[in-house]
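Hello,

The structure we discussed is below.

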Amino acid sequence: MSSAESSYRQSFLQRLSTPLFLVLSPLLIFAGTSVSVFAAMIVCVIAGVENSDLQARLGLAATLIGFVGSIYLLIRARRSPPSEQQQARTNANAPPPLPIVHALQDDIRRRNESAGGDEHEATAEPDSEDIEDDVDQMPMEPDRIVDWVKVCTTPVLIAFNATIVFVGLAGTLSPTFGMIGFVVVPIACVSALTSHLMGTHFNVPGDRLSYPYFAWRLGLPLSGIHDANAQTINKRGVDVLASLGEKNPKYKTVHHYHVNLSGDFGARRLMFRSKFKRDQFLSILRTIRPDVRTTRWS
């Protein structure tokens with residue numbers, strides 16, 4: 001172990017186990033969002049803002065800043081190692097420079113020449129050792145993919161849509177639905193946040209692929225995948241933030257990157273919000289299951 005790695009001390013969030021971190025994360029995100037909204041309220045009081053439309057915009061902006069900022073800080077505290085440790089790991093995994101490789105090859109050649117009749121045997125042994133060293137130094141593909149765009153957007157959309165539904169039911173049918181929504185909406189938001197924080201997981205020993213699907217998780221056997229088709233879907237929707245305070249709504253194009261899996265289990269669709277995460281999924285799938293037929297539609 002290098003001196004940089006030995007002198008590095010993990011932070012509190014890095015020492016936590018993954019289940020405990022997933023339980024604690026929603027509480028920290030809620031606390032960060034609440035602090036941001038409270039700060040916006042103080043600014044409105046100090047500045048004497050009386051326009052209700054402006055207060056609503058400031059409140060929405062503070063909520064988004066607190067929510068996204070809290071997730072970013074959690075990711076940074078949990079995942080990002082210090083620069084010294086990252087450099088040490090990079091140096092440890094880096095292959096030897098070319099001059100050393102040439103020197104080793106020259107040394108092997110001299111030993112082969114001195115061995116005489118045992119030339120083939122002498123050359124085979126270093127080659128096998130070199131192959132084993134190369135296998136040990138090969139970087140392993142990560143087995144978990146977290147789509148951070150969906151982590152930041154999906155829980156908010158689920159909570160927003162669920163709130164509209166329960167408010168409508170409370171206004172038209174019974175106020176009891178409002179109390180039910182007061183309990184269901186936070187649970188659905190936390191469930192969606194936890195599901196997407198766990199990401200898409202390749203459990204190779206257990207022959208299982210698990211992935212987030214809205215507020216819950218689904219799974220399928222890795223050995224049952226036969227085809228993987230990549231597809232890009234473009235949807236035109238209303239830009240909510242840009243349309244605030246405007247008479248006519250503004251639109252934008254949103255790109256959805258899908259992977260359609262088919263096999264013994266039937267057909268499943270995995271949804272990503274970035275092309276990089278979709279390509280990373282296909283790369284890991286090709287590494288684990290090289291016999292799977294992969295097709296790119298777009």
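Two strands count as paired if DSSP finds at least two bridges between them. Please keep in mind that this is a predicted model.

I start with the sheet. It is open and has four strands in the order S7-S6-S5-S8, with mixed pairing. Strand S7 (266-272) and strand S8 (293-296) are the edge strands, each pairing on one side only. From one strand to the next, the twist averages 25°.

Strand S5 (residues 225-238) pairs with S8 in the parallel sense, over four bridges. Ala230 has Arg296 of S8 as its bridge partner. Helix H11 (residues 275-288) packs on the sheet and touches S5, strand S6 (251-263), S7 and S8. The direction of H11 makes about 10° with that of S6.

Now the helix pair. Helix H8 (residues 148-172) packs with helix H9 (residues 176-198) at an angle of about 165°, and their axes are 9 Å apart. Angles over 145 degrees count as roughly antiparallel, so H8 is roughly antiparallel to H9. The crossing of the two helices is right-handed.

On the H8 side, the residues making the contact include Trp148, Val151, Ile158, Phe166 and Leu169. On the H9 side, they include Phe177, Ile180, Val184, Cys189 and Leu197. Lys150 of H8 and His196 of H9 are also among the contact residues. By class, the residues of this contact divide into 18 nonpolar, five polar and one charged.

Regards

Methods. Residues numbered from 1 in each chain as written. Predicted model: local features only at pLDDT ≥ 70, side-chain atom pairs only at ≥ 80, totals over all residues. Heavy atoms only, no water. Axes fitted to C-alpha atoms, helices over the stretch in contact; angles between N-to-C directions. Parallel < 35°, antiparallel > 145°, perpendicular 65-115°, else oblique. Left-handed = near helix turned anticlockwise from the far one by under 90°. Contact = heavy atoms within 4.5 Å. Nonpolar A, V, L, I, M, F, W, Y, C, P; charged D, E, K, R; others polar.
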